[in-house]
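Reader: I would like to learn how to read a model like this one, feature by feature. Could we begin with the whole chain and then turn to its parts?

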Amino acid sequence: MRLLGHARSHDEDGVRVFTIEPEHLRRREGFALTDAGTGLRGALDQANYCIWCHEQGKDSCSKGMREKPGPSGEAAWKRSPFGVNLAGCPLEERISEFHKLKTQGHAVAALAMIAIDNPMMAATGHRICNDCMKACIYQKQTPVDIPQAETRTLKDVLELPWGFEIYSLLTRWNPLNLRRPLPRPDSGYRVLVAGMGPAGFTLAHHLLQEGHGVVGIDGLKIEPLDERASGVRIDGTRAPFEPVRDVRTLYEPLDDRVMAGFGGVAEYGITVRWNKNFLKLVRLLLERRERFALVGGVRFGSTLGADDAFALGFDHVALALGAGKPTTLDIPNGLARGVRTASDFLMALQLTGAARADSLANMQLRLPVVVIGGGLTAIDTATESLAYYAVQVEKFLARHEALAAAAGEAGQAGAGGRAEDEEVAAEFLAHARAIRAEREAARREQRAPRIVELLQQWGGATIAYRKRLVESPSYTLNHEEVELALEEGIRFAECLAPTRIDVDASGAVESIGFARQLRDEDGQWRDGEPWRMAARTVFVAAGTQPNTVLAREDATHFALDGRYFRAIDVDGNPVKPDRGNAKPDAARVLLARLDDGRMISFFGDLHPSYFGNVVKAMASARHGYPVVCDVLRRRPPASDEGFAAFAARLGDLLRARVERVERLTPNIVEVVVRAPLAARRFRPGQFYRLQNFEARARRVEVGGLPTTLAMEGLALTGAWVDRERGLVSTIVLEMGGSSNLCADLRPGEPVVLMGPTGAPTEIGAGETVVLVGGGLGNAVLFSIGAAFRAAGSRVLYFAGYKKRIDRYKVADIEAAADTIVWCCDEAPGFEPGRPQDRSFVGNIVEAMTAFARGELTELDTPGALRLQDADRIVAIGSDRMMAAVAAARHAQLAPYLKPRHRALGSINSPMQCMMKEVCAQCLQPHKDPATGKVTYVFSCFDQDQPLDRVDFPALGQRPAQNALQERQTAAWIARCRNAE
């Protein structure tokens, strides 16, 4: 606690809660940069405070501190009082040297000294990592604030005329870098770097310097930059770029900044405590290079796999897919409405632009907020939730008033929805008006508005950690972040382990129960008395697991060693990397070897040596690129094709553009996209994420409020593909939100079509298969039914619709089935187009029951399709329809079905990233029908789920997370689309 100078603690019914002294509250406004860092005076103060101990070979900030060698001659790292290794800068940056140059007035030379080991320094420094400070030679007094000095050194050069160009030049031509002062000539080798986070973009830089061509891909949508700055057009072709005289022309206010997607976790996992304009600088360092190409919306393992990459002519594949699988709460109601993972929240906030006033993104958050966890992600989640709440309700009020002015109060806010939504709407409006009144009072009284006090009055945000504050990862790794969070009004409650979440009558979070944690004399923790805290939103920030989904998707190339991928040597033999040591004696970054000698490597959080923070991820690239270069030299390049031609060929295969948009019904459109590799990789049952580019999106103003018509990511199933022409068909139901914008897409428009993702439907041969499709679900079954028939199975298809006008693509459905029962709630129903097909007026379960009884067909006819012969049932439609089919199988349909038939539903939970087990928005609870045990499934990975295990009430609750905002956004989009 002594490290937190202005924190205070108090007792709340036996629980110790930390806050900040009131006079030290920082009054943050929205999502503008919250910490500009030190100025030149502060940097020089720290550089002079340094004793330049490199001159005595004791620069532990760079090299780390070691214990005396043991009997074996090995010297372990010294540890801090918190048990953290004092290994120093993971990049081994020449810190003491640059400090000395800085104090001597050699600003450019100081930057050049940093750039030797850390050319991507725009992504490090202040508010990113302090491993160097922890290992500073000053162990018994305040250490040198090295990150502040580093970032200020960069800024001092950037702010010179042509400063960015000077920095850019030093990353490529650096006279202080004696080993590699200049880029090497074109080697002819081509490397695919999958993942453009800190590890990926750092690796790309080093490989470019070695003369290799690099193509970077990322599953996130990556917005194009202005071609005058980047030299790259939106279609990936090269254009002349203009040198930047004033770096400020590249910067955007962080609360208005386009979420560009580049940078991975640096983009969505780090908040506005750090200037994300630096990500644009890093990207420009790469994109201006002639032997570099960048394509977003491409998930490795989906659009492009290992075999595809090598077949296309790559000599090496490097994986930097750092984002891991979030931990879930295994407690009662652990996935109730109002519970989200921190990854889900931060991605929605930082990637969709939910916090921006002009955004259409929907993310509903209520106070009080409770964050479960004690790491830096928990800190970020808590601070951003408070900042977002104020922005959210003020935007809600502004749009409510604009809509009400046009259409009257009726139908606005929560009117017309569920009772609980009306309650939330009233709450949001009341809070927004209170914030508005406080702002007006502050203007009159010429003081800062006291928003944080209002937020605290409404419940605020509390971090709940299972141990003491001083044992939390956030405190032991970077205590300054804890104090700064407290200054923003966050509370920290210690020694609390969550036990259950209680919900209100509507199924939304109402409170969270804990067991107070007590430590025995032997140091073991045990549960104490129960304790309860009010909560309307619960964020889970309890850590992540390594992202090893590829091992399940492609066991041929990817094997596991415990929780991580298995590492190998250059000959393919398994090796053991140093775990948790970002300065290993050898960088064991190789992962898989092909018979021809080409290899796959892995970096960043994927790697057991380098997980943990941005700078360690970057260190994996610095240590590992020589290994990649070594394996490349062992065989000649796969192709003599020039890089420009290679990148153009690859871009044509990977970049998506709209082919055509056709309206099928009054509220359903078909969007056909040309995306050749995405089409070739499609298997029945898989889906895609469709988005337009914000850079090309229409911008309108309604009621004085600007709006950018950029879509949230839409999960759309591939209805059909044309592999020869590279076309993918997606069917879109216009539901009032982003889906309505699909009709505005134009032929030739560049879009993102990430995928195919999800697991293909298992196609069996020689079976009798019953397909049950409701509404839009029928689009999913086109390809599934055709695949079953092609495999030799017989298909009985129940196609259900609410109205006769809702039916579309009749010929495709007929091609997917041997017999169809057309079901419609609206009389007189449909007229079958084939002799073997039937019609039924009523719902699908009634139709299935009538068919099983023989009321629609002669069951005794030789070769007749019968429900009684079904080996498998596949249901796709609304959660209510699938729940009805699931229940009917054990009730009215039970006498007609085989006891051991399989029944699956395609579960379309709310989805965001769709990159498989990353953001966890798609989590779906399963309940074992025999034991009642609850488990969780990532629906974006396994969408075909056993009907008997799906928790349908929970599935119904998940889409209601943002129901109120979605209804307002639907009305808002309708106004915007009609605006001139």
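Reader: How many helices and strands does the secondary structure of the protein chain come to?

Author: This is a predicted model, and in it the secondary structure of the protein chain comes to 27 helices and 39 strands. The radius of gyration is 29 Å, close to the 30 Å that the globule rule gives for 980 residues, so the chain is as compact as a globular protein of that length. Along its principal axes, the C-alpha trace spans about 95 × 70 × 65 Å.

Reader: How should I read a sheet, and in which order do the seven strands of the open sheet stand?

Author: The general idea is that strands of a sheet pair through backbone hydrogen bonds, either parallel or antiparallel. Here the order is β1-β2-β11-β10-β9-β15-β8, and the pairing is mixed. The edges are held by β1 (7-12) and β8 (339-341), each of which has a single partner strand, so one side of each is left without a neighbour in the sheet. On average, and with direction ignored, neighbouring strands of this sheet are turned by 25° against each other.

Reader: Which way do β10 and β11 run, and how many bridges join them?

Author: Strand β10 (residues 461-464) and strand β11 (residues 491-493) run parallel and are joined by three bridges. To find one of the pairs in the viewer, look for Thr-462, whose bridge partner in β11 is Arg-491.

Reader: Which strands of the sheet does helix α14 touch?

Author: Helix α14 (residues 376-407) packs on the sheet, where it touches β9 (369-372), β10 and β15, and its direction makes about 165° with that of β10.

Reader: How do I read the packing of two helices, and at what angle do α4 and α7 pack?

Author: Helix α4 (residues 107-117) and helix α7 (residues 163-172) pack at an angle of about 40°, with their axes 9 Å apart. Because angles under 35 degrees count as roughly parallel, this value makes α4 oblique to α7. Their crossing is right-handed. On the α4 side, Val-108, Leu-111, Ala-112 and Ala-115 meet Ile-166, Tyr-167 and Leu-170 of α7, and by class this contact has seven nonpolar, no polar and no charged residues.

Reader: Is α8 roughly parallel or oblique to α11?

Author: Helix α8 (residues 198-209) and helix α11 (residues 277-287) pack at an angle of about 30°, with their axes 10 Å apart, which means that α8 is roughly parallel to α11. The crossing of α8 and α11 is left-handed. Phe-201, Ala-204, His-205 and Leu-208 in α8 meet Leu-279, Val-282 and Leu-286 in α11, and the residues of this contact divide into six nonpolar, one polar and no charged.

Terms used. Residues are numbered from 1 along each chain as its sequence is written. This is a predicted model: local features need pLDDT of at least 70, side-chain atom pairs count only at pLDDT 80 or more; totals for chains, interfaces and linings use all residues. Side-chain values use heavy atoms; hydrogens and water are left out. Axes are lines fitted to C-alpha atoms, for helices over the stretch in contact, and angles run from 0 to 180 degrees between N-to-C directions. Helices (H or I, at least four residues) and strands (E, at least two) are DSSP runs, numbered from the N terminus. Angles under 35 degrees count as roughly parallel, over 145 as roughly antiparallel, 65 to 115 as roughly perpendicular and the rest as oblique. A crossing is left-handed if the near helix is turned anticlockwise from the far one by less than a right angle, and right-handed if clockwise. Contact means heavy atoms within 4.5 Å. Ala, Val, Leu, Ile, Met, Phe, Trp, Tyr, Cys and Pro count as nonpolar, Asp, Glu, Lys and Arg as charged, and the others, Gly among them, as polar. Two strands pair if DSSP finds at least two bridges between them. The radius of gyration is taken over C-alpha atoms; the globule rule is 2.2 Å times the number of residues to the power 0.38.
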